[in-house]
Amino acid sequence: MVKPPTEVVAAKRSLRKAMKALLSALDATTLAAESACVARQVVARDDWASASTVAAFCSMPSGELATRPLLEAAFAA
């Protein structure tokens with residue numbers, strides 16, 4: 001297995017830390033609204049409509065965009 005260069009690992013770590021801080025700063029109402037917006041945009045894509053398989057993760061209760069709207073749309077389809 002080839003390991004990524006040290007600078008790539010450091011850059012990814014830094015980006016994750018920055019995104020975690022940004023998401024943690026959002027209040028629950030804003031996070032829910034942004035999550036719904038992302039879900040609408042994903043579900044409106046042509047590749048969503050033509051997909052036969054969708055992979056997703058269950059989001060954590062706080063600090064992440066909620067994936068529940070996407071999961072519900074996938075199950076409904």
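Start by selecting aspartate 27 and threonine 29, at the start of helix H2: a side-chain oxygen of aspartate 27 comes to within 3.1 Å of the backbone nitrogen of threonine 29. That is a polar contact (a pair of N or O atoms within 3.5 Å; within protein, one must be able to donate a hydrogen and the other to accept it, and residues adjacent in sequence count only if both atoms are side-chain atoms). Helices here are DSSP runs of H or I, at least four residues, numbered from the N terminus.

Before you go on, keep in mind that this is a predicted model, where local features need pLDDT of at least 70, side-chain atom pairs count only at pLDDT 80 or more, and totals for chains, interfaces and linings use all residues. Residues are numbered from 1 along each chain as its sequence is written, and side-chain values use heavy atoms, with hydrogens and water left out.

Now select residues 28–43, the whole of H2. Its 16 residues reach 22 Å from first C-alpha to last, close to the 22 Å expected at 1.5 Å a residue; the expected span is 1.5 Å times one less than the number of residues.

Next, colour Leu31, Ser35 and Ala39, which are buried in H2. Buried means under 20% relative accessible area, exposed over 50%, and partly exposed in between (1.4 Å probe, protein chains only). Look down the axis of H2: the buried residues fall within an arc of 70 degrees, so they line one face of the helix. The arc is taken from the directions between the helix axis and the C-beta atoms. In general, an α-helix has 3.6 residues a turn, so residues three or four places apart point the same way.

What covers that buried side? Show helix H1 (6–25) and helix H4 (68–76), which are included in the cover.

Zoom in on serine 35, which counts as buried at 2% relative accessibility. Its side chain reaches the backbone nitrogen of alanine 66 at 2.8 Å. Leaving aside residues up to four places away in sequence, serine 35 touches Leu65 and Ala66, where contact means heavy atoms within 4.5 Å.

Valine 38, also in H2, counts as partly exposed at 33% relative accessibility. Draw a distance from its C-alpha to that of alanine 74, 36 residues apart along the chain, and you get 14 Å.

Last stop, the cysteines. Cysteine 37 counts as partly exposed at 26% relative accessibility, while cysteine 58 is exposed at 65%. How many disulfides does the structure hold? The count is 0, with a disulfide taken as a pair of cysteine sulfur atoms within 2.5 Å.

Notes
Helices (H or I, at least four residues) and strands (E, at least two) are DSSP runs, numbered from the N terminus.
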